[in-house]
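I opened the model and kept notes as I went. The entries below follow the order of my look-ups.

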There are 2 protein chains.
Amino acid sequence: MTDLAESLTVPALPRLDDAGRAALFTEARTANSFAPTPVTDAELTAIWDLAKWPPTAANTQPLRVLYVRTQQGRDRLVPLMAEGNQAKTASAPAVAVLAQDTRYHEHIPTVFPPKPELQQVFEDNEELHSQSLRFGAALQAGYFLLAVRAHGLAAGPMGGFDAAGIDAEFFPDGRWRSILVVNIGHPGENPWFDRLPRLDHPEVLSWA
Amino acid sequence: MTDLAESLTVPALPRLDDAGRAALFTEARTANSFAPTPVTDAELTAIWDLAKWPPTAANTQPLRVLYVRTQQGRDRLVPLMAEGNQAKTASAPAVAVLAQDTRYHEHIPTVFPPKPELQQVFEDNEELHSQSLRFGAALQAGYFLLAVRAHGLAAGPMGGFDAAGIDAEFFPDGRWRSILVVNIGHPGENPWFDRLPRLDHPEVLSWA
């Protein structure tokens with residue numbers, strides 16, 4: 001006799017195996033030096049083609065990516081990095097400037113067809129607009145860093161840069177605003193600092 | 001003859017295989033219904049033990065997690081969800097309330113021993129403090145959602161809830177502030193909506 005209930009059950013979701021956990025979470029480290037091995041535009045595009053999939057509120061996807069990998073682009077970017085980050089960024093074969101698209105809600109009729117009228121709601125509600133922009137872009141930055149690692153590349157995220165300077169230099173129309181700069185490449189010599197401690201469970205986890 | 005240069009090369013980093021990419025990025029979906037299959041406290045702890053590893057600025061780790069999985073906890077939480085989210089949250093075997101720790105910088109001497117004096121810098125600079133809190137907690141929320149998926153569980157993140165109400169009910173001392181509620185479980189019947197479109201490359205990617 002067929003067990004109808006069982007045949008209707010949604011199949012179990014796949015789990016990430018230990019190698020995958022090591023690559024993205026448990027063994028992966030922030031690189032502080034890079035080998036000269038190039039990173040191709042195809043690899044940089046493929047990073048986005050993973051990072052774009054995890055969820056954002058109302059599918060708004062407010063993150064944008066400027067990939068800097070020519071010498072000319074690097075010459076414009078490096079002086080706008082904090083002094084302690086300039087050598088790292090100069091040595092990285094590719095650099096991603098992650099940015100918020102301040103007009104992200106204009107895409108809502110395309111990306112969220114069930115409720116195209118949300119575009120106007122975001123347009124009219126400055127607090128909702130800016131809160132969704134900040135939160136969504138940072139959430140996607142998290143996806144992005146793990147997507148870099150998924151491609152066998154080391155990511156070096158940096159908050160130390162002249163954001164207004166980068167925006168003026170690379171986003172002069174004012175629509176995109178830089179939020180994080182990420183060096184991307186294969187690790188070079190002595191690429192890792194000692195691993196820093198993570199908070200203990202009782203500091204982070206609560207139960208109800 | 002030994003090739004010394006080659007023997008000094010840092011070994012290639014592992015890549016995420018196609019099964020891992022499917023589990024976390026390309027095939028994973030936001031679940032809108034849940035099977036009654038329980039989620040154990042050990043699984044919920046293990047989710048955090050992946051999510052805690054990817055980087056935050058100066059290792060500040062400002063995200064906190066309240067796991068709600070008892071009937072009593074659920075009875076307190078569900079009325080504080082937006083009406084359209086109440087049935088989903090009531091049916092999820094576990095729910096994570098992700099929160100910012102507004103006093104995260106008090107841990108800096110422990111989590112960033114190279115520069116314990118940063119604690120005072122964050123204490124004295126309200127803009128730096130709140131910007132790092134908002135950005136870091138959202139970044140870690142991105143890591144968290146992928147860590148749920150890594151455990152073969154479906155995540156259902158929701159922004160629609162009464163944040164002030166949740167904070168008053170669960171975080172009455174005012175230190176933690178809720179930012180996202182995430183249903184966690186095995187998918188139930190008809191768990192997926194149609195997949196929504198992602199933005200085209202020219203809308204997102206720029207090159208220099």
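I began with a definition: I count a salt bridge where a side-chain nitrogen of Lys or Arg lies within 4 Å of a carboxyl oxygen of Asp or Glu. The model is predicted, so I noted the limits: local features need pLDDT of at least 70, side-chain atom pairs count only at pLDDT 80 or more, and totals for chains, interfaces and linings use all residues. Residues are numbered from 1 along each chain as its sequence is written, chains are lettered from A and ligands numbered from 1 in the order in which they are written, and side-chain values use heavy atoms, with hydrogens and water left out.

**Salt bridges**

I searched the whole structure and found 16 salt bridges over all chains. In chain A I traced a network of them that links A:R64, A:D101, A:R103, A:E106, A:E123 and A:R175.

A:R103 bridges to A:E123, with the closest N and O atoms 3.4 Å apart. The two lie 20 residues apart: A:R103 sits in the loop between β2 (94-101) and α6 (108-111) of chain A, and A:E123 in helix α7 (residues 118-124). Helices (H or I, at least four residues) and strands (E, at least two) are DSSP runs, numbered from the N terminus.

Next I checked accessibility. I call a residue buried under 20% relative accessible area, exposed over 50%, and partly exposed in between (1.4 Å probe, protein chains only). A:R103 is partly exposed at 31%, and A:E123 is partly exposed at 37%.

In chain B I followed B:E106. Its side chain meets that of B:R103 at 2.7 Å, N to O. B:E106 also forms a salt bridge with B:R175, at 3.3 Å. This second pair spans 69 residues, from the loop between β2 and α6 (108-111) of chain B to the loop between α9 (163-170) and β4 (176-185). B:E106 is partly exposed at 35%, B:R103 at 30% and B:R175 at 23%.

**Strand β1 of chain B**

Is this strand buried or exposed? I found 6 of the 6 residues of β1(B) (residues 63-68) buried, so the strand is largely enclosed by the rest of the structure. B:L63, B:V65 and B:Y67 point one way, and B:R64, B:L66 and B:V68 the other.

I then listed its partners, taking two strands as paired if DSSP finds at least two bridges between them. Strand β5 (residues 205-207) of chain A runs parallel to β1(B), joined by 3 bridges. There A:L205 stands opposite B:V65. Strand β2 (residues 94-101) of chain B pairs with β1(B) in the antiparallel sense over 6 bridges. B:Y67 has B:A96 as its bridge partner in β2(B).

**Helix α9 of chain B**

I noted B:G165, B:I166, B:D167 and B:F170 as the buried residues of α9(B). They pack against β1, α4 (71-77), β2 and β4 of chain B, where contact means heavy atoms within 4.5 Å.

**The two copies**

I superposed the copies by least squares on the C-alpha atoms of residues with pLDDT of at least 70 in both. A rotation of 180° with 0.0 Å of shift along its axis places chain A on chain B (RMSD 0.0 Å). That is the relation of a two-fold axis. I also found that 100% of the interface residues of chain A are interface residues in chain B, so the copies meet through the same surface.
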